[in-house]
Structure formats: C-alpha cells, structure tokens
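Please read them beside the model.

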Amino acid sequence: MTISYQTLFIGGEWIAPSSSEVIAPINPSTEEVAGSVPEGQSADIDAAVDAARRAFDDPFGWSAWEPERRAELMERLADELDARADGFVERVSSQNGMPVAVARQLEVGYPSAVLRYYAGLAAKGGFDEVRPGFFGGEIEVRRRPLGVVAAVVPWNFPQALTMFKLAPALAAGCTLVIKPSPETVLDAFLLAEAVEAAGLPAGVVNVVPAGREVGAYLVAHPGVDKVAFTGSTAAGRAIAETCGRLLRPVTLELGGKSAAIVLEDAELDLAQIGEGLFTSTLLNNGQTCFLGTRVLAPRSRYGEVVDAFSAFATSLQVGPASAPETQIGPMATAAQRDRVEACIAKGRSEHGQITAGGKRPELDRGFFVEPTVFAGLSNSSTLAREEIFGPVLTVIAYDGVDDAVRIANDSDFGLGGTVWTADPERGAEVARRVRTGTIGVNRYIPDPAAPFGGVKNSGIGRELGPEGLAAYQQLQSVYL
Ligand code: NAD
C-alpha cells in the first residue's frame, strides 16, 4: 500500500495545495512508486512563510515564551517522534534506499536525541545575561530568536538533517518553513503529524515539499530571516549568493571528500574495527557527506591496506533496503546510480585498478552499485578530488605522517575524516593537523553536543552543540 497525502501542513492545519501537481518518490530498491504528496508551489511557500511570520510575530507566542516552556513541547515532540519510529524507518528506507538497520539508528533515535539535547539547553534557560561593562556600568546581553527560518534539506538523511535545523531553531524561539527534497517527502509528512500531535502552536513548523526552483523562491522570500541549508556545494553557492545579496544569515552544510588516515601502527582486524570503518567510509550506501572516501595508507603497508578494504567492501551484504541484513542498499535514484557509475568509469580511464566491486550486483531490480575500492590512483585523480556520493573508496599511498597530513589537506573540501591507529593520543595529534570541521580517532559519529560543519567548499557555519543554537539567535546589547 502506498502512502498518499492530499494536503499540506501549513499554519497548524492540513490545507489544500495551490496546484494539483504531485511528487511521487520511487522506491530505489524496487523501482515502484513509494507514495505521493502535493508538490508545493510558490503560492504555498507564501502561505507557509506568512503562517511562520504570524507565529513568530505574536507578542505572546512561541518566540516570546520562556525557553523552559518551549523545552517542554520539544520533549513532547521527541516522544511523538519515538512513537512513530517504525513509520520513519519504513518511509525513509523506501524512498532513499537507506538500509533499515541504518535508518533505525540514524533516522529515528538520533533525531529525537538531538531534539532532547536542545530541549535540555532551552530548559537550562539563561539565554540573556547581565555583564559588567569595561567602562563601568552594566550591560544586558540578550539572545533573541532570529525569526522565520527556511530549512532546506537533502534526501540522504532527511530526518537527521531536518532535526539539525529544527531542534536549535525551536530552542531559540524561531519558527520554520521546512522544504524537504523531492526524493524524501513521505517522512516529512510524518514529522508534520508528530508536530501536530505534540501540540506545537500553529505556524511554528510548516512543511512544503518542492524542487529547486520553489526552494530558491523560499530562500529569497522577503518574509524569511535566516536560511539553513544542507546539500550540494553547487546549490550552496547559489543560496549563498542570494543570501549575500539580501544580507540574510545562512548556514551551509555542503559536500565532502574526507580522508581516512591509516597510520603505520593501525590494527586492520575487521572483526574489531569493521563497524567503525563502515560508519566512517561507506555508511548509507556511500551517500553521506562526512565519509572518509580517500583512504590514506603508508606505502610500506599499501598492499595490506588495499587488501583489507577490498575484503571489507566485498564482505558487505548488498540488497534491498527493507531487508534487515542489508548493509549496502541501492543508490537513492537512477540518476545517482548513473553518476556513480560514471565516476567508476572515470577512475578506470585514469588507470585506477579496481580491487573490489566496480559493477552492478546481480539483482533483478533497483539502482544498485557494488561497494567499490580503487588502488593505484594519486590524490590528483578525479576520484580523489570530487565527491562521488556512492560506495566508492580510493586508497592512496603516503610517505610519512607529514605526507599523510599534506594529502589529507590537499582537497577543496574539509568536512569529516578519521585517523586509524593503535595509539589514540598520537591519532589525536595527527587529527588536529587536518584542516577539517570534524574528525574522529578510530571512530566517527557526529555528537549532538559538538559543532558539526565544514571548512573550504564543505560549507560555512556550524550545526549542533551550543554553537548550533547561536546560529538561530540574534545578539542585542542593552547598555544599562
Ligand atoms: P542538492 O543540493 O541538489 O539538494 C539539496 C536540497 O536543496 C534539496 O531540498 C533541493 O531541492 C534544494 N535545492 C537545490 N538547489 C537549490 C537552490 N538553488 N535553492 C534552494 N534550494 C535548492 O543536494 P542533494 O543531491 O539532494 O544532496 C546531496 C548533497 O548534499 C551532497 O553533495 C552531500 O555532500 C551534501 N550533504 C552535505 C551534508 C553536510 O552536512 N555537509 C550532509 C548531507 C548531504
């Protein structure tokens, strides 16, 4: 049975859309339609921004509440999300091909944990403070909510990446228009149902699924005060240009091409490090922005590292996203599968040697690509320069730790990364030398308490942590 909606969640109500256009995402495991929702148009964006504006400007409303009061409703929303966990898992994996085992960890549980983390910050209150002035007297420093937020999200982790924006925005007292990606809309409607059930005031959260053009309309809308975007570097540039012209605050979480640095002393026993290696290099079918897809190996152990990663890639269970044992599902769309295959062809043409995968698995249907490992390519190859957004790793040789750090930093991106070593302290020393927004030692998972984001072409600004809350606040100094 496919899921079908006829109305949009705007101003706390389910209202008829302005047109009869629909978005019908395709299940990439089965190539069948997963469901359908109305496709938002600019008139729907107008209605949603108006609703968010009214909710924000209400002098006794959400933005004027004490943060502690908002925290209570955020906790209630987290409960409503948890109560719908099975629905989220099913909807997400049926739209973007995320294996249910991955969705159960990262598209439920994790988003509500982020929400509870920010509810905790709001519950602590203390957003405003009085401090002594350098010239004497006192100054009240106020942290006011920024206003109406346009949250533009991609398809790869639709719930987690929505929550990276929704949770701090709610804690700060902002109101939002969420624009999900057309590939993943069904889960966004479940979120809207949870928002309704939690009893958030009308207009605080509005959901309008739409494509790029309507997304661009939202970003430039005169009623919007702040834009929070996760997606490709190309779209991020376009959005940054608009926000620059409008002097509109914007947070950009963009692409990556991170390094997994294997040090001389690293243990490559897959039984021990397999899970951490999976999360940091191939999570979500390789469609994760922070993955260490450039594996840097000491030249003395190059063959051994290539063999270990190839064995690891070959060992992964490829199959439909709905199967509990699946570790690698399909690419989210046929276009994405074609892009990944074009990258593999490019790697071949640049004389890379495929040591695992490299083709479509033998499955009747679905947009699958085998987990693939390339050897023999340098850091200047296309595969090492460009984000592939698929299960493709390139193992690159280095000579000494300084060379490893140099190669890691020789990238247009700087989002994630890992260091693999038997000596965690030394690993941390190496990690600190990498120019990247986040990096892990022998593990990688973005923690709600720590700022997450990138340098260089990986973006501007941070989500998560107290810093992520500050991105939704406007400072006002009152000289008393
Ligand atoms: P995309 O940039 O094409 O689309 C992302 C979202 O932006 C979608 O909702 C889309 O409709 C919208 N959009 C596209 N162009 C727009 C414009 N000009 N104005 C307004 N909205 C616009 O990205 P995608 O292909 O859906 O997602 C994959 C990309 O996202 C990858 O490059 C990946 O690295 C990146 N990503 C980054 C992070 C991070 O935190 N840094 C996390 C996940 C994904």
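1. Residue classes first. Ala, Val, Leu, Ile, Met, Phe, Trp, Tyr, Cys and Pro count as nonpolar; Asp, Glu, Lys and Arg count as charged; the others, Gly among them, count as polar.

2. Ground rules. This is a predicted model, where local features need pLDDT of at least 70, side-chain atom pairs count only at pLDDT 80 or more, and totals for chains, interfaces and linings use all residues. Residues are numbered from 1 along each chain as its sequence is written, and side-chain values use heavy atoms, with hydrogens and water left out.

3. The largest pocket has about 980 Å³ of space. Of its 37 lining residues, Arg-212, Phe-229, Gly-231, Ser-232 and Ala-235 are the closest to its centre. The search uses a 1 Å grid over the protein atoms alone: a pocket is an open set of points with protein on both sides within 12 Å along at least five of seven lines, a cavity is a set where a 1.4 Å probe fits but cannot get out, and lining residues have an atom within 4 Å of a point. Points are joined across faces, edges and corners, and a volume is the space filled by probe spheres set on them.

4. H8 (212-219), E13 (226-230), H9 (233-246) and H12 (334-349) each supply at least two lining residues. H9 gives the largest share, six residues. Helices (H or I, at least four residues) and strands (E, at least two) are DSSP runs, numbered from the N terminus. Domain 1 (3-254 + 458-479) and domain 2 (259-441) each contribute at least three residues to this lining; the bounds come from an automatic or database domain assignment.

5. Ligand. A backbone N or O atom of Val-153 lies 2.7 Å from an oxygen atom of the ligand.

6. Cavities. The whole structure has five of 30 Å³ or more. The largest cavity is about 150 Å³. Tyr-110, Phe-157, Phe-164, Phe-290 and Pro-446 are the closest to its centre, of 13 lining residues. That lining has 12 nonpolar, one polar and no charged residues.

Terms used:
A polar contact is a pair of N or O atoms within 3.5 Å; within protein, one must be able to donate a hydrogen and the other to accept it, and residues adjacent in sequence count only if both atoms are side-chain atoms.
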